Amino acid sequence: MFRRMAPATQASTQSEPPPLRGLLALGLAGLGNLALLAFLVFFSRLTLQGGEGLFDGVGHPIGRDFMVFWSSAVLATGVGPLALFDPAALQTLWAERFAPWDAQGYSWAHPPQMLFVIWPLASLEYLWALAAWSLAGLAAYGLATRKAALAAAPATFINLFMGQTGLLVGALFFGALRLAARWPVLAGALCGLIAIKPHLGLMIPIAVLAARAWRVGLGATLAVGALVLASGLAFGWEAWRLWLGQALPHQASLLQEDLGGGVTVSAFTNAKLLGLPTWGAWLAQAPITLAAALATWWAFSRLRRGLAPAPWAFAILLLSTCLATPYLFVYDLTLLSPVAHHALGQWRRGPWTRDGMKPADLGELLVWLAVWLLPLLAIVLNPRGLPIGSAVLLAALGLSIWRLRR
């Protein structure tokens, strides 16, 4: 969906890099893809080798976090939706289905409308449910982005490995962006469905207001209202009371703890990993959230006036979405894989075609490569006390603003 943006007058001079640079670019791309493939194969073998039954080689259920979605669907179907907010009921089910694995630390954290997404999983055995979940997410993400190369993105691999929701949320985001011009109400409805992960929808109202995209806003409002009403009627309003009064505060309290520091990339959690106290981490997160909101407003105000190309305005929205929330994991970075893919393509049609490449050009290349590889970089560097997630995203946001101004 991210279109090429090179001016037509430059098409003849920038269509292909000089032969030597083209060979170098091809060689670097090939080496990078081989290195990534080697890492993924090594990581998969290391994890899965020696596994038995439903467990991988290090004792976790295959699909990792998907265990929560599947078992929650089973519990909601068999006992009732309110059982999801009973930690003892979840622990009992996990002990029965996944013994001897210790599921301490896991809980149900999603709003009630998420039950509409996971409910069909209860009719399938665990591994079949995981396969259906993975294939459906991959198909939806591919349909929305229409970029086959994204199947090899680290964020895609992480989602398939962890059985997470990033592919689904990415499909909703990119489907909405793709439909916004022609079917704004439908695009807004897809934005409203992102309410299954409400912390990832923080920048959508700002973009809608700045762009004065009232029909998108109408579709989003109707979709959110319909989800709330339908989930209340289907699962009972008590489920909403328990989520607001119990599950949501529990998730907020986890921010005071480690919160899986090896797979988090927000400014808040990066600050915690660097040793800052909780109040210091909030001081680090607050200005970044404000900057993300301002950048989104600025980009979509310019888009409304015809002063900005849509791809870079969308890039700013997606980067701001990831920067604004303190609750961001590596599997959420499916939102940024298409952004990095587009930016790297633009870079290849820019600096690679010039004889005098500047140090800043190489710096830009490194930033977008870091965005593409960030899910793996976070897993490797965070446990070693080197969290770079928020720094990489801020650098990418700055580059996107610069590109949009040009």
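## Confidence of the model

The chain averages a pLDDT of 84, and 82% of the residues score at least 70, where pLDDT is the predictor's confidence in each residue, from 0 to 100. This is a predicted model, in which local features need pLDDT of at least 70, side-chain atom pairs count only at pLDDT 80 or more, and totals for chains, interfaces and linings use all residues. Residues are numbered from 1 along each chain as its sequence is written, and side-chain values use heavy atoms, with hydrogens and water left out.

Over residues 2-17 the pLDDT stays under 50, and for this stretch the model has 30 contacts beyond four places in sequence, a contact meaning heavy atoms within 4.5 Å. Where pLDDT is low, the predicted coordinates should not be read in detail.

## Overall fold

The chain has 18 helices and 0 strands; helices (H or I, at least four residues) and strands (E, at least two) are DSSP runs, numbered from the N terminus. Of the 406 residues in the chain, 51% are buried, with buried meaning under 20% relative accessible area, exposed over 50%, and partly exposed in between (1.4 Å probe, protein chains only). Among contacts between residues at least 6 apart in sequence, 74% join residues at least 24 apart.

## Aromatic pairs

Rings of Phe, Tyr and Trp (its six-membered ring) pair if their centres lie within 6.5 Å, and planes under 30 degrees apart count as stacked, over 60 as edge-to-face and the rest as tilted. By this rule the count comes to 15 aromatic pairs. The rings of F300 and F314 have centres 6.2 Å apart and planes at 35°, so this pair is tilted. Because F300 lies in helix 14 (residues 278-304) and F314 in helix 15 (residues 310-324), the pair ties together parts that are 14 residues apart in sequence. F300 is buried at 6% relative accessible area, and F314 counts as buried at 11%.

The rings of W312 and W368 also form a tilted pair, with centres 6.2 Å apart and planes at 45°. This pair links distant parts of the chain, W312 being in helix 15 and W368 in helix 17, 56 residues apart. W312 is buried at 2% relative accessibility, and W368 is buried at 0%. Elsewhere, ring pairs link F66, F69, W70, F98, Y126 and W133 into a cluster.

## A buried glutamate

E364 is found in helix 17 (residues 359-381) and, at 4% relative accessibility, counts as buried. Leaving aside neighbours within four places in sequence, E364 is in contact with W347, L399, W402 and R403.
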